[in-house]
Amino acid sequence: MAVVTLVLLAACTNMRWVEPADEQPTARPTAKPVPATGLRRGINLGNWLDAPALGEWGVDILPEYFTLIRQAGFDSVRIPVRFSAHAQTEPPYTLDEDFLEIVDAAVQHGLENGLNVILDFHHYDELMAAPAAHVTSFLAIWGQLAERYSGKPATLYFELLNEPYGQLDAATWNDLLGKAVGIIRTSNPNRWIIIGGADYSSIRALQDLRFPVDERLIAAFHFYEPFEFSHQGASWVPDSGSWVGINWKGTDKEKKDITDLLDEADGWSRQHGVPLMMGEFGAIARADESSRRTWTSFVAEQAGKRGIPWVYWDLCGEFALFNCESGDWDQSMLDALTSK
Ligand code: BGC
């Protein structure tokens, strides 16, 4: 297809990439400059504000944890929030003020401790199951959040939606994400917005992402490979009990499986000039201790080598590296993440 046609198509759709798959470069793509995002090393504060109801999953992130996170060598926190559980179900989908004040405080504790704060809309499962019935609510919620936080410093990042899946397929998600970015831009012209692909934000899903023309977007992917290792015995993953005991020793083959995937993500980023974030990665705490430490250290190091900021999943859930009851770090996991 002639370049002129591509340019025209891009102009018509206001989308950045329109090359059909068979015309995408097969060799390592030509590098485009990838803007720096200010993110480097973070932790997810999961199972807290993303629980179906506050406190239901037993995690309470205390204000002092933000200080401890900063002191331990992290520069970012990602705060997953189930906003959809705290909004009216009818127009204008008003968010609950008491709940928003808890979110405000979390954001503020992060920012005051010098952390980048990623505010992430998590677990909107109803949207994944029936997109047409929920897009209005999704956009209305983002409209409210965007206005509420428009005066915050640039170190507050918005993440549109955790792990789109199900009926929210790539085409539907591409359409919706463009609308959400448009709404956010009316009150936050310059804020970084983070967007993962459909199919649970896998690396492969990057290929199907279509972004509006906008210089302040970050593409997110999540990394749990090999899944049978990282999610062995996870209560929410059917049949994962049979994976218990799978180790990760760091053989050449095991390492190559990981670096091949990270190279794929890195190649995509350079091809499009869009920065990346590995917004979740981690291994469940019940995995063999040495395997877990070796895997975590390797993945963090390899992402870092490619300039990909990472956010470990998570602080004190089933993948914990911190004991929220005693206030102690799992020192070997902390070293695995921060010593290189
Ligand atoms: C989910 C968590 C889960 C984690 C690892 C997150 O995106 O929200 O519930 O523990 O992924 O599977």
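Which residues are around the ligand? They are His122, His123, Asn162, Glu163, Tyr224, His231, Trp236, Glu280 and Trp313, where a residue is near a molecule if one of its heavy atoms lies within 4 Å of it.

The structure is a predicted model, in which local features need pLDDT of at least 70 and side-chain atom pairs count only at pLDDT 80 or more, while totals for chains, interfaces and linings use all residues. Residues are numbered from 1 along each chain as its sequence is written, and side-chain values use heavy atoms, with hydrogens and water left out.

**The ligand site**

By class, the shell around the ligand holds three nonpolar, four polar and two charged residues. Here Ala, Val, Leu, Ile, Met, Phe, Trp, Tyr, Cys and Pro count as nonpolar, Asp, Glu, Lys and Arg as charged, and the others, Gly among them, as polar.

| Residue | Distance to a ligand oxygen atom |
|---|---|
| Histidine 123 | 3.4 Å |
| Histidine 231 | 2.6 Å |
| Tryptophan 313 | 3.3 Å |

On its own the ligand has 310 Å² of accessible area, and the protein covers 87% of it; such areas come from the Shrake-Rupley method with a 1.4 Å probe, and for residues only the protein chains shown count as cover.

Two of the residues in the table also have backbone features. Histidine 123 has a positive phi of about 60 degrees although it is not a glycine. This histidine 123 is found in the loop between β3 (116–121) and α4 (125–129); helices (H or I, at least four residues) and strands (E, at least two) are DSSP runs, numbered from the N terminus. Histidine 123 counts as partly exposed because its relative accessible area is 22%, given that buried means under 20%, exposed over 50% and partly exposed in between (1.4 Å probe, protein chains only). Tryptophan 313 is joined to aspartate 314 by a cis peptide bond with omega about -10 degrees, and aspartate 314 lies in the loop between β8 (310–312) and β9 (322–323).

**Other backbone features**

A cis peptide bond also runs from glutamate 225 to proline 226, with omega near -5 degrees. Proline 226 is placed in the loop between β6 and α8 (227–230). Asparagine 47, a residue other than glycine, has a positive phi near 65 degrees. Its loop lies between β1 and α2 (63–71), and asparagine 47 is buried because its relative accessible area is 18%.

**Three further residues**

Serine 76 lies in strand β2 (residues 76–81) and is buried, since its relative accessible area is 2%. Its side chain makes polar contacts with the side chains of aspartate 75 at 2.5 Å and asparagine 116 at 3.2 Å.

Arginine 210 is in the loop between α7 (198–201) and β6 (217–223), and its relative accessibility of 21% is why it counts as partly exposed. The side chain of arginine 210 reaches the backbone oxygen of glutamine 207 at 3.1 Å. Arginine 210 and alanine 171 are 39 residues apart in sequence, and their C-alpha atoms are 8.6 Å apart.

Proline 33 sits in the loop between α1 (3–13) and β1 (41–44). With a relative accessible area of 72%, proline 33 is exposed. Proline 33 is 239 residues from histidine 272 in sequence and 8.8 Å from it in space, C-alpha to C-alpha.

Key
A polar contact is a pair of N or O atoms within 3.5 Å; within protein, one must be able to donate a hydrogen and the other to accept it, and residues adjacent in sequence count only if both atoms are side-chain atoms.
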